[in-house]
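Open the structure in your viewer and keep the selection tool at hand. This tour tells you what to select next and what is there.

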Amino acid sequence: METRSLLREDRRADFASGEPETDEFFRRYAGQNQFRHHIGVTYCALAEGKIVAFATVSAGEIDPSLLPEETSASLPAYPAPVLRLARMGVNELIQGQGIGRELLQSAVDIAFEMRARVGCVGIVVDAKPQSQGFYERSGFVVMPVTSRVAGAGAPPVRLFKTLKRSARVVAAARADYTPADSLAAEMRRRASELGLSADEVRSAVDRLLG
Amino acid sequence: MVYQRKQVQISAFIAEETKAALDDYVAATGLKKNRVIEEALQRHLAAIDEIPATMIIETHLTTTPEGWKMICDLLDSDEEPTPFETESYRRHVEYIQTNGKSLEDKILPLLHAADGD
């Protein structure tokens, strides 16, 4: 099983999460958003080459509608960069097995990378009402949003979690998850996306080490 | 007889650059400002309802002052992670270290059963 970003040739037509809107997004718009508009990237979990779950992320920002009376030392009063976890779907046959948890953790990894490269204070998810409890157990809190939600249908619930909180989880588990594990995971993901063979990966590592 | 809709006045603080762009546009086209603004608003409101909600990923979210304060408080907080978070991360490490096998072993029997294997 692997997790990697969506490829153009990935088959999406038969993905079924049991949520028609989620499936419609994945089938029709995930590819457009990623390959044509470049406004989001979809990460997929695959088992035996078949996509069994996906999560779409993009860069975003939270803007205070009015300047708060008291400013905080932790955050200046102008837009704060966040990772948006905009959509997530899991094949209806394997829900409840931990795939959503794994994709959420992958999103946290991406947010840490974003923080290191361009800045990021946390993650904002768009949750369906039935998923709100899952995100709250994962440390998210409901964030009031004044932006108008476009389109038809019930608006999603927006929840926020700081990366500081996630960092505490990672720090506690540091002994079990070394930087070498992180590097190996990243190389595995990129090698899969680029379609590299084991020999090509070895060649790249040899070049890296001189 | 010329039909005239009832009109009301609105006002708004906008960026100087936006105001300058509007001034340039009306000077160049000869259109009235109120007509440009109303048409722009109508087109904006119509457009966002024509796009399916499922396609839209809103990247710019505006929160309330209370929401902003909550975010600042969370960034200041040293609250401990929940057991659920800690367990999720432990599973994530296991997933990476086993190259995905920790989850694959759980889901493949379900997928194969559905396929009738």
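## Start with chain A

Select chain A: six helices and seven strands make it up. Keep in mind that this is a predicted model. Color chain A by secondary structure and follow the elements from the N terminus: they run β-α-β-β-β-α-β-α-β-β-α-α-α. Chain A has 210 residues, and buried residues make up 37% of them. Now consider contacts in chain A with a separation of 6 or more. Of these, 64% join residues 24 or more positions apart.

## Where chain A touches chain B

Show both chains. How many residues of chain A are in contact with chain B? The count is 66 residues of chain A, against 51 residues of chain B. Next, highlight the elements of chain A that give two or more residues to this side: helix H1 (20-37), strand S3 (50-64), strand S4 (80-90), H2, strand S7 (157-162), H4 and H5. Which of them gives the largest share? Select S3(A), which supplies nine residues. By class, the side of chain A that touches chain B holds 33 nonpolar, 18 polar and 15 charged residues.

## First stop: H2(A) on H4(B)

Select H2(A), residues 99-117, and H4(B), residues 83-97. Their axes lie 9 Å apart, at an angle of about 85 degrees. Angles of 65 to 115 degrees count as roughly perpendicular, so H2(A) and H4(B) are roughly perpendicular to each other. Show side chains at the contact. From H2(A), pick Arg101(A), Glu102(A), Leu104(A) and Gln105(A). From H4(B), pick Ser88(B), Tyr89(B), Arg91(B), His92(B) and Tyr95(B). This contact of H2(A) with H4(B) divides into three nonpolar, three polar and three charged residues.

## Zoom in on Glu102(A)

Center on Glu102(A), in helix H2 of chain A. Is Glu102(A) buried or exposed? Glu102(A) counts as buried, because 25 C-beta neighbours lie inside 10 Å and the cut-off is 20 or more. Leave aside neighbours within four places in sequence. Glu102(A) is then in contact with Ala45(A) in its own chain, and with Arg91(B), His92(B), Tyr95(B) and Leu103(B) across in chain B. Now draw a distance from Glu102(A) to Arg207(A). The two are 105 residues apart in sequence and 32 Å apart in space, C-alpha to C-alpha.

## Second stop: H4(A) on H4(B)

By class, the contact of H4(A) with H4(B) has four nonpolar, one polar and one charged residues.

## On to H5(A)

Move to helix H5 of chain A, residues 179-194, and pick Ala184(A). Ala184(A) counts as partly exposed, because it has 14 C-beta neighbours inside 10 Å. Draw a distance from Ala184(A) to Asn33(A). Their C-alpha atoms are separated by 28 Å, and the two residues are 151 residues apart along the chain.

## Last stop: the domains of chain B

The domain assignment gives chain B domain 1 (16-59) and domain 2 (83-115). Color each one. How far apart do their C-alpha centres lie? The centres of domain 1 and domain 2 of chain B lie 48 Å apart.

Technical notes:
Residues numbered from 1 in each chain as written. Chains lettered and ligands numbered in written order. Predicted model: local features only at pLDDT ≥ 70, side-chain atom pairs only at ≥ 80, totals over all residues. Axes fitted to C-alpha atoms, helices over the stretch in contact; angles between N-to-C directions. Helix = DSSP H or I, 4+ residues; strand = E, 2+ residues; numbered from the N terminus. Nonpolar A, V, L, I, M, F, W, Y, C, P; charged D, E, K, R; others polar. Buried ≥ 20, exposed ≤ 12 C-beta atoms within 10 Å, placed from the backbone. Contact = placed C-beta atoms within 7 Å. Domains from an automatic or database assignment. Parallel < 35°, antiparallel > 145°, perpendicular 65-115°, else oblique.
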